Amino acid sequence: MHTTGTPGAAPGAAAPTRTSDGLRARGLVHRFGSTTALAGVDLDLAPGRSLAVMGPSGSGKSTLLHCLAGILVPDDGSVTLRGREVARLDERERSLLRRRHYGFVFQFGQLLPELPAVENVALPAMLNGAPRARATEHARQWLVRLGLAGMEERRPGELSGGQAQRVAVARALITGPDVVFADEPTGALDQATGANVMRILTETTRAAGASLVVVTHDKGVADWCEERIEVRDGLVVGHHVRESWDGAAARADLSAGHGGLR
Amino acid sequence: MRAVLALAPRLRTAGGSDTRLTTGLAVLAFAVTTALTLSVVGGLRGFMARAANPTSQYEVDYAEPYVWLAWIAVVLLLVPLVTLGGAAARLGVARRDARLATLRLLGVTPREVVVLTVVETAAQGLAGAVAGMVLYGVLLPVWSLVPFMGSHLTVGEMWVGAPGLLVAAVAVPLLAAVSGAVSLRRVVVSPLGVARRQTPRRLGWVRLLVAVVGVGLFMVVSVAGGGLGAAVIGVLIACLGIAFATLNAVGPWVLGLYARLLLWRARTPARLLAARRLLDDPRAAWRVVGGLGLAGFVAGCLAVLPALTMEAGSSAEDRLMVDDLTTGAMLTLVIAFVLAAVSAGVAQASAVLDRRREYALQHLAGVPAELFHEVRRREVLGPLLLVGVGSAAVAVVMLSPLLGFAGVTNPRGLLLLGGCLVGGVLLVLAAVESTRPLLRQVLASRDVRPD
Ligand SMILES: Nc1ncnc2c1ncn2[C@@H]1O[C@H](COP(=O)(O)OP(=O)(O)OP(=O)(O)O)[C@@H](O)[C@H]1O
Ligand SMILES: [Mg+2]
């Protein structure tokens, strides 16, 4: 089913084509030894929606993301994706889940240094069974769409931080994921570049009909998302939903005067 | 200075289990280098002893050529031995790079950083040298089982003696320290460079210097060795030296071409990644398998000899000589494979540690661990078959017009060669597999914050 997503085919903002609910967590608990990193978290995220996870350092944001994304198995509670229980799959199945249904953007360093940008993007599609020629073609289209035309053959070491993050966004979206997870995606970037990456991340994820979970310290970054939760000591202590999403406000706020792709 | 030296143990423990593992690998590599160097030198001494005190008419007539041949084996193994020692030193330094760069940023002086590293690497070299001497002691009875000259070299004949051991105990840590200091130059020159993981261009002249010193040392030793047919040996060594230089210049280039071919044909992610890695640094691949090039070629040539001489219907002496030549060539080949195996293990461990963040994040994103294992296997196996097996095959094919049907009617030499090649390739693959736990540990880490 999931082979490669095509950058051109944008199903529209709300992406109502997806069935049933999106991502749902109930009573998530996770402990590291005597530390309780998650103390019972509930969460719902509809398809195509974006959610910012905020909170102080050590509050459990990354742990929550890892439990939702099938990286960690929670000690208690459940995670369902489109109605299917995914938290307690075995290691191999979770790896498959991450590869087929999820996309990831990390702070930095997720691109393989030996591969040119286009092959870094094509790799997940190839892992999902797409032939090399087709995967490469799709990867090229994604790079062009994200403003990286002409940089297809560059190695990660030859890209700026912002460019590398955009390659990472392409890598996350090429498989047509249900959810994209981003842990501090702008953490290594300056503010203008970070805003630019957030704009591209939120816009393209919405256009592709995928949900987006962004962990961040930065209120400015969180403002790009439609919903925001506040985590403290492993619990969700606040949930804000922006009813009428108006990206223009955040855009004006963050990238005013910075313009351009850098 | 004292304060910095006192930091050393804490730097080590701070690294946790992967620093322990790299330290272990570095010590193992030094130990193998030491043990095999002592063994090879011991064998040379053994043949010299026979030449000086022959025990049979055959030895009176033929012992001297054996000494030359032993010298050739020493030369064939010298480069891979030195390369492995250097790789061990680099590995020992690699894991401390980041922390040492941090120390530099904290204001520790370059000299102190160098001293710290030199001391640690020398300590690893010393530990390896001691372990290597023990290993040499264990290996001596094994070597003495190998038939030469119709009998065996005895343990006593191959014993390098206390002076030999002393030289090893001083030379190995010294070379380790020099090698470590050279690879640390980049930290010292630019702490930010290492913090950002930028590697400046390699220092060509250092290698040239090492080569010149090596040749000089060799000449001193051979003169001191009694000037036995010095002219002949000199010419032989010069030829071998030229062959080595040519191979080392051409080898990485050929591996690069081979990588291009693989890249063009790659259909699966594993093949693609293996080809890219090989293309990215063909020199690194060459450092692992390069030593097999000449050893494989010589073994291939000599494997053909028994069949040829049988055909000619030669004397008992000639047959013994030919048998011994084959044995010696195979022994050299096996040792070259052992060195390649340890090099491969060391290189793979370094590669995994260099890429720990990238690999861990790829794994988090759903890339299966098996992909990385397959990439490693392919990355090593391709060059290994091309250089190790390929060079032997070229030799056999080259001599096949001379060989004719003798290869079929008298396949002993070829079978022996085939056995050595298969065993050697399996050994190298096993060494690559031995770093599997390290990769598993790297992939299991979710702690992917910036260093
Ligand atoms: N592997 C681990 N072993 C032990 N404790 C851990 C581990 N990972 C996280 N923790 C603890 O769990 C808690 C939550 O950690 P988590 O990484 O989720 O925080 P975070 O909100 O992402 O923080 P930051 O903003 O600093 O990234 C912290 O108290 C942390 O110390
Ligand atoms: Mg975190």
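User: How far is a polar side-chain atom of Ser57(A) from an oxygen atom of ligand 1?
Analyst: This is a predicted model, and the distance is computed from its atoms. A polar contact needs a pair of N or O atoms within 3.5 Å. The polar side-chain atom of Ser57(A) and the oxygen atom of ligand 1 are separated by 2.5 Å.

User: Which part of Gly58(A), backbone or side chain, lies 2.8 Å from an oxygen atom of ligand 1?
Analyst: For Ser62(A), an N or O atom in the side chain is 2.8 Å from an oxygen atom of the ligand. For Gly58(A), the N or O atom at 2.8 Å from a ligand oxygen belongs to the backbone.

User: What percentage of the area that ligand 1 exposes when taken alone does the protein bury?
Analyst: Taken alone, ligand 1 exposes 630 Å². Of that area, the protein buries 67%.

User: Which element gives the largest share of the shell around ligand 1?
Analyst: In chain A, the elements giving two or more residues to this shell are β2 (35-45) and α1 (61-68). The largest share is 3 residues, and it comes from α1(A).

User: Residues from which chains surround ligand 1?
Analyst: The shell holds 14 residues, and among the closest are Lys61(A) and Thr63(A). The site is shared between chains, because the residues around ligand 1 come from chains A and B.

User: How many polar residues does the shell around ligand 1 have?
Analyst: Sorted by class, the shell has 3 nonpolar and 3 charged residues. Its polar residues number 8.

User: Is α12(B) roughly parallel or roughly antiparallel to α16(B)?
Analyst: The axes of α12 (residues 316-354) and α16 (residues 412-433) of chain B come within 8 Å and cross at roughly 15 degrees. Angles under 35 degrees count as roughly parallel. Therefore α12(B) and α16(B) are roughly parallel.

Definitions and conventions:
Residues numbered from 1 in each chain as written. Chains lettered and ligands numbered in written order. Predicted model: local features only at pLDDT ≥ 70, side-chain atom pairs only at ≥ 80, totals over all residues. Heavy atoms only, no water. Near = heavy atom within 4 Å. Polar contact = N/O pair within 3.5 Å; in protein donor to acceptor, adjacent residues only side chain to side chain. Areas by Shrake-Rupley, 256 points an atom, 1.4 Å probe, with all protein chains shown as cover. Helix = DSSP H or I, 4+ residues; strand = E, 2+ residues; numbered from the N terminus. Nonpolar A, V, L, I, M, F, W, Y, C, P; charged D, E, K, R; others polar. Axes fitted to C-alpha atoms, helices over the stretch in contact; angles between N-to-C directions. Parallel < 35°, antiparallel > 145°, perpendicular 65-115°, else oblique.
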